[in-house]
Amino acid sequence: MTTRARPLIAGNWKMNGLTGSLAELDAIIAGSSAVADRADLLICPPATLVAAFAARAKGTAVMIGGQDCHPEPCGAHTGDIAAEMLKDAGASFVIVGHSERRADHHETDELVRQKTLAAWRAGLVAIVCVGETGAERDAGQTLDVVGRQIERSVPDGARTESLVVAYEPVWAIGTGVTPTTSDVEQIHAFICLKLSKKMKNSGESSKILYGGSVKPSNCNELLCISHVNGALVGGASLKSSDFLAIAAAAPK
Ligand code: PGA
């Protein structure tokens with residue numbers, strides 16, 4: 001892979017958004033043509049809005065994704081959503097293994113691996129999230145933790161076009177704090193190397209996004225780091241102007 005794959009700027013809306021939020025999506029769509037030469041744009045709203053957002057974004061430069069999926073295609077799993085359902089609703093991506101899912105729902109690497117396979121089965125691109133906690137960072141375990149998560153959460157035989165990895169240090173999510181440029185560079189290079197052993201075509205890598213407190217004031221620096229192929233944006237993706245400003249900073 002070249003070190004500069006086309007960047008992906010992905011918005012993770014988490015548990016935020018009601019039908020009135022279609023106006024925010026409209027604003028993102030309206031501004032998307034101005035940044036379309038720089039980056040692919042993705043919005044992952046809560047499940048209740050996926051179908052409406054996908055219908056609205058159809059034929060535009062903005063893609064829509066889910067935030068989680070169940071490993072099975074259907075069955076007795078109250079409250080869960082299958083990857084096939086997301087696809088049917090118009091999604092083309094799904095986030096799996098976000099640290100909030102890993103923490104709140106005790107998701108293991110093995111479950112994340114199964115969810116990734118489910119995404120591929122349904123024809124979705126999986127965004128697999130990895131990242132160390134603050135305690136793990138302080139104990140000097142970052143590369144061990146991230147390496148193990150990649151090893152166990154990413155299925156063997158991955159293809160570049162159906163996998164994206166997001167490196168999101170847990171301590172950076174929603175805190176306003178980000179790792180240093182050299183730390184991001186080192187960890188992304190490490191992930192790239194680990195991933196190349198997982199890919200169907202050895203030597204390739206998939207896109208690796210940085211996530212955790214990405215905002216208009218720090219995106220220039222973060223998006224230009226080598227092996228950073230875009231961003232997974234939480235809080236700042238809820239405001240169209242901030243999200244578009246981040247996309248506008250993606251290097252050409
Ligand atoms: P944040 O969230 O941008 O609000 O830190 C990122 C994420 O959790 O994906």
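Before I start on handedness, a reminder to myself: a crossing is right-handed if the near helix is turned clockwise from the far one by less than a right angle, and left-handed if anticlockwise. I also note that this is a predicted model.

Entry one, helix 7 with helix 8. I looked up this pair and found a right-handed crossing. The axes of helix 7 and helix 8 (residues 181-196) are 10 Å apart, and the packing angle is about 30°. From helix 7, Thr142, Leu143, Val146, Gly147, Ile150 and Glu151 meet a set in helix 8 that includes Ile187, Phe190 and Leu195. I sorted the residues of this contact into seven nonpolar, three polar and two charged.

Entry two, helix 5 with helix 7. Here the axes of helix 5 (residues 109-122) and helix 7 (residues 142-153) come within 8 Å and cross at roughly 45°. Helix 5 and helix 7 are therefore oblique to each other. I noted this crossing as right-handed too. Among the residues that meet are Asp109, Glu110 and Arg113 in helix 5 and Arg148 and Arg152 in helix 7. The tally for this contact is one nonpolar, three polar and five charged.

How many residues surround the ligand? I counted 13, with Lys14, His98, Glu168, Gly174 and Ser213 the closest. A polar side-chain atom of Glu168 lies 2.6 Å from a ligand oxygen, and for an N or O atom in the side chain of His98 I noted 2.7 Å to an oxygen atom of the ligand. Gly235 takes part through its backbone, with a polar atom 2.8 Å from an oxygen atom of the ligand.

Technical notes
Residues are numbered from 1 along each chain as its sequence is written. This is a predicted model: local features need pLDDT of at least 70, side-chain atom pairs count only at pLDDT 80 or more; totals for chains, interfaces and linings use all residues. Side-chain values use heavy atoms; hydrogens and water are left out. Axes are lines fitted to C-alpha atoms, for helices over the stretch in contact, and angles run from 0 to 180 degrees between N-to-C directions. Helices (H or I, at least four residues) and strands (E, at least two) are DSSP runs, numbered from the N terminus. Angles under 35 degrees count as roughly parallel, over 145 as roughly antiparallel, 65 to 115 as roughly perpendicular and the rest as oblique. Contact means heavy atoms within 4.5 Å. Ala, Val, Leu, Ile, Met, Phe, Trp, Tyr, Cys and Pro count as nonpolar, Asp, Glu, Lys and Arg as charged, and the others, Gly among them, as polar. A residue is near a molecule or strand if one of its heavy atoms lies within 4 Å of it. A polar contact is a pair of N or O atoms within 3.5 Å; within protein, one must be able to donate a hydrogen and the other to accept it, and residues adjacent in sequence count only if both atoms are side-chain atoms.
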